[in-house]
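Biologist: Could you put the model up, so that we can go through the charged pairs and then one of the helices?

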Amino acid sequence: MKKQLWFIVGLLCITFSQNSYAQNDATAKALLAKVSQKYNTYKTIQANFSLDIKQANGGSHADGGTIYLDKSNNKYHVSTKNQVLISDSKTQWNIMKAEKEVEVSETSNSTNEINPTNIFSFYTTGFKYAMANTEKAKGLTLSVVELSPVDSKKNYSKIKLRINKANNLIYDTTIFDKSGNRYIYTLGSQEGNKALSANLFTFNKNDYKGFDIVDLR
């Protein structure tokens, strides 16, 4: 298999237990409830994002793109410069432009892993959390919540969630893995309840003529 899109390598490998809101800071709990309530008002979300990977050896990598999410139907479309990830809730197509290859697999609808359908709500279960000091970024005041997995065997030690105090939307998420790498996902513009074309969540092979299609199901 070729290298997967960042959602696959960075998020889908991060699983968590189902213990919910145990041993937590009451202030952090109240804030996360507000954030969750905000995103629960959205049936669809369109958001720009950037990814910065800071490796333990000093190396770095940057990427970015757009995510389209149909929350009501568990469908998503994630696009970057080199890759596209599409799911109609049952089938997932991972389109790798440089390799001219499409990997077809079953969509994972597991509730105990972070995936494109729950990246705006993953923090509601499987973590202990506490408030940290308020921070500033690009003129914004950010509330900071530090999450640690209930299951200490996970491959990451901490997740830092920064939340825009003005609107209770997630500003960025930093994942600290146990090998010393950091993955920083920053959300740009976020539009809720925007009308999204159904074509975003279907794969049209005519758009990728000459691509090898590898069925992994």
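Biologist: Is Lys160 buried or exposed?
Modeller: Lys160 is buried, with a relative accessible area of 19%, where buried means under 20%, exposed over 50% and partly exposed in between, using a 1.4 Å probe and protein chains only. This is a predicted model, in which local features need pLDDT of at least 70 and side-chain atom pairs count only at pLDDT 80 or more, while totals for chains, interfaces and linings use all residues. Residues are numbered from 1 along each chain as its sequence is written, and side-chain values use heavy atoms, with hydrogens and water left out.

Biologist: Which side chain does Lys160 meet in a salt bridge?
Modeller: Its partner is Glu135, at 2.9 Å from N to O, a salt bridge being a side-chain nitrogen of Lys or Arg within 4 Å of a carboxyl oxygen of Asp or Glu. Because Lys160 lies in strand 9 and Glu135 in strand 7, the pair ties together parts that are 25 residues apart in sequence; strands here are DSSP runs of E with at least two residues, helices are runs of H or I with at least four, and both are numbered from the N terminus. Glu135 itself counts as partly exposed, at 25% relative accessibility.

Biologist: Switching to helix 2, which of its residues are buried?
Modeller: Ala28, Leu31, Leu32, Val35, Ser36 and Tyr39 are buried in helix 2. They cover an arc of only 140° around the axis, taken from the directions from the helix axis to the C-beta atoms, which puts them on the same side of helix 2.

Biologist: What sits on the face turned away from that buried side?
Modeller: That face of helix 2 carries the exposed residues Ala26, Thr27, Gln37 and Asn40.

Biologist: Which residue caps the N-terminal end of helix 2?
Modeller: Asp25 does, with a side-chain oxygen 2.7 Å from the backbone nitrogen of Thr27.

Definitions and conventions:
Polar contact = N/O pair within 3.5 Å; in protein donor to acceptor, adjacent residues only side chain to side chain.
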